[in-house]
Amino acid sequence: MQYNVTLKENASPEELSKAKETAKSQGGEITHEFSLIKGFTVNYPDDKMSTLESNEHIHVEKDGEVKTQ
């Protein structure tokens with residue numbers, strides 16, 4: 001499953017690096033890194049989601065299609 005991971009407002013850039021390392025060490029594959037916001041998209045095993053979601057410095061949501069109308 002693909003997830004978007006973004007850094008929360010008051011978190012340091014080092015927290016983003018830690019989140020990337022955690023994602024990769026748990027079997028995730030980073031498929032895109034954002035340039036305007038601090039974050040990335042990762043293919044990540046559903047059964048490991050609690051590891052990413054437990055990080056208080058990031059926000060995790062499923063990647064999906066966005067429609068305006």
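Visitor: What makes the pair formed by the side chains of Asn4 and Thr41 a polar contact?

Guide: The two side chains are joined at 2.8 Å, which lies inside the limit for the term (a pair of N or O atoms within 3.5 Å, where within protein one must be able to donate a hydrogen and the other to accept it, and residues adjacent in sequence count only if both atoms are side-chain atoms). The side chain of Asn4 also makes a polar contact with the side chain of Asp63, at 3.1 Å. This is a predicted model, in which local features need pLDDT of at least 70 and side-chain atom pairs count only at pLDDT 80 or more, while totals for chains, interfaces and linings use all residues. Residues are numbered from 1 along each chain as its sequence is written, and side-chain values use heavy atoms, with hydrogens and water left out.

Visitor: Why is Asn4 called buried rather than exposed?

Guide: Its relative accessibility is 14%, and buried means under 20% relative accessible area, exposed over 50% and partly exposed in between, with a 1.4 Å probe and protein chains only, so Asn4 counts as buried. Leaving aside neighbours within four places in sequence, Asn4 is in contact (heavy atoms within 4.5 Å) with residues including Phe34, Phe40, His59, Val60 and Glu61.

Visitor: What puts the buried residues of helix H1 on the same side?

Guide: In H1, Glu15, Leu16, Ala19, Lys20 and Ala23 are buried. They cover an arc of only 145 degrees around the axis, which puts them on the same side of H1; the arc is taken from the directions from the helix axis to the C-beta atoms. Glu21 and Ser25 are exposed on the other side of H1, whereas the cover over its buried residues includes E1, strand E2 (29-33), E3, helix H2 (49-53) and E4.

Conventions:
Helix = DSSP H or I, 4+ residues; strand = E, 2+ residues; numbered from the N terminus.
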